[in-house]
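Subject: A structure for you to look at

Hi,

Here is the structure I promised to pass on. Have a look at it first, and then read my notes below with the model open beside you.

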Amino acid sequence: MRASLLRVFGDDPPAAVAELAARPVAGLRAIAAELRAAHDRLIAPHWSRIRAVLEADVVHRARQLAAGGAERLFTDLHPDLRWRDGRLMLGERAGGPSGP
């Protein structure tokens with residue numbers, strides 16, 4: 001974990017990161033507790049609706065794949081996604097390459 005923090009924050013990490021590196025077990029327990037609390041408050045109350053939407057999307061995507069192959073499957077996911085020559089390409093818009 002210390003090596004990962006060093007890669008992300010470099011040699012001069014913020015104080016909270018330095019404390020996490022010094023006491024990783026306690027820090028990770030605190031982070032896990034915060035994530036659990038956030039999940040319990042933000043996601044759990046709405047999970048049945050979220051799951052229903054996700055399951056409907058899986059059915060929709062399966063129908064797209066069955067009807068038109070991978071090209072149709074990826075058509076409406078994101079404007080930068082394209083299926084070309086048997087490969088999923090990221091970073092090209094319909095009007096041409098994106099970015100510099």
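Let's start with glutamine 64, which sits in helix 4. Helices here are DSSP runs of H or I with at least four residues, strands are runs of E with at least two, and both are numbered from the N terminus. Before going further, please keep in mind that this is a predicted model, where local features need pLDDT of at least 70, side-chain atom pairs count only at pLDDT 80 or more, and totals for chains, interfaces and linings use all residues. Residues are numbered from 1 along each chain as its sequence is written, and side-chain values use heavy atoms, with hydrogens and water left out.

Is glutamine 64 buried or exposed? Glutamine 64 is buried, because its relative accessible area is 9% (buried means under 20%, exposed over 50%, and partly exposed in between, with a 1.4 Å probe and protein chains only). Leaving aside residues up to four places away in sequence, glutamine 64 touches Gly69, Arg72, Leu73 and Asp76, where a contact means heavy atoms within 4.5 Å.

**The bent helix**

Now follow helix 4 along its course, residues 47–74. A straight helix of 28 residues would span 40 Å at 1.5 Å a residue, but helix 4 spans only 26 Å between its end C-alpha atoms. (The expected span is 1.5 Å times one less than the number of residues.) Where is the kink in helix 4? The kink is centred on glycine 68 and comes to about 135 degrees; the bend at a residue is the angle between axes fitted to the seven residues ending there and the seven starting there.

Besides glutamine 64, the buried residues in helix 4 include Arg61, Ala70, Leu73 and Phe74. Strand 1 (81–84) and strand 2 (87–90) are part of what covers the buried residues of this helix.

**Charged pairs**

How many salt bridges are there? The count comes to 5, with a salt bridge taken as a side-chain nitrogen of Lys or Arg within 4 Å of a carboxyl oxygen of Asp or Glu.

One of them joins aspartate 76 and arginine 61, at 2.6 Å from N to O. Aspartate 76 is in the loop between helix 4 and strand 1, while arginine 61 is in helix 4, so this pair ties together parts that are 15 residues apart in sequence. Aspartate 76 counts as partly exposed at 44% relative accessibility, whereas arginine 61 counts as buried at 17%. Through salt bridges that share partners, Asp57, Arg61 and Asp76 are joined into one network.

Another salt bridge links the side chains of glutamate 55 and arginine 51, at 2.8 Å from N to O. These two residues are 4 apart in helix 4, which means about one helical turn between them. Here is the handy rule behind that: an α-helix has 3.6 residues a turn, so residues three or four places apart point the same way. Glutamate 55 is partly exposed at 42%, and arginine 51 is partly exposed at 45%.

You can find this spacing in helix 3 too, where aspartate 40 and arginine 36 are 4 residues apart, about one turn of the helix. They form a salt bridge with their closest N and O atoms 3.6 Å apart. Aspartate 40 is partly exposed, with 39% relative accessibility.

**The aromatic pair**

There is 1 aromatic pair in the structure. Phenylalanine 74 and tryptophan 83 are stacked, with 5.7 Å centre to centre and 20 degrees between the planes. (Rings of Phe, Tyr and Trp, using the six-membered ring of Trp, pair if their centres lie within 6.5 Å; planes under 30 degrees apart count as stacked, over 60 as edge-to-face and the rest as tilted.) Phenylalanine 74 is buried at 16% relative accessible area, while tryptophan 83 is partly exposed at 30%.

Aspartate 85 lies in the loop between strand 1 and strand 2. Aspartate 85 has a positive phi of about 50 degrees although it is not a glycine, and at 79% relative accessibility it counts as exposed.

Aspartate 80, in the loop between helix 4 and strand 1, counts as buried at 13%. Aspartate 80 and glycine 91 are 11 residues apart in sequence, yet 4.9 Å apart in space, C-alpha to C-alpha.

Happy looking!

How values were computed. Expected span 1.5 Å × (residues − 1).
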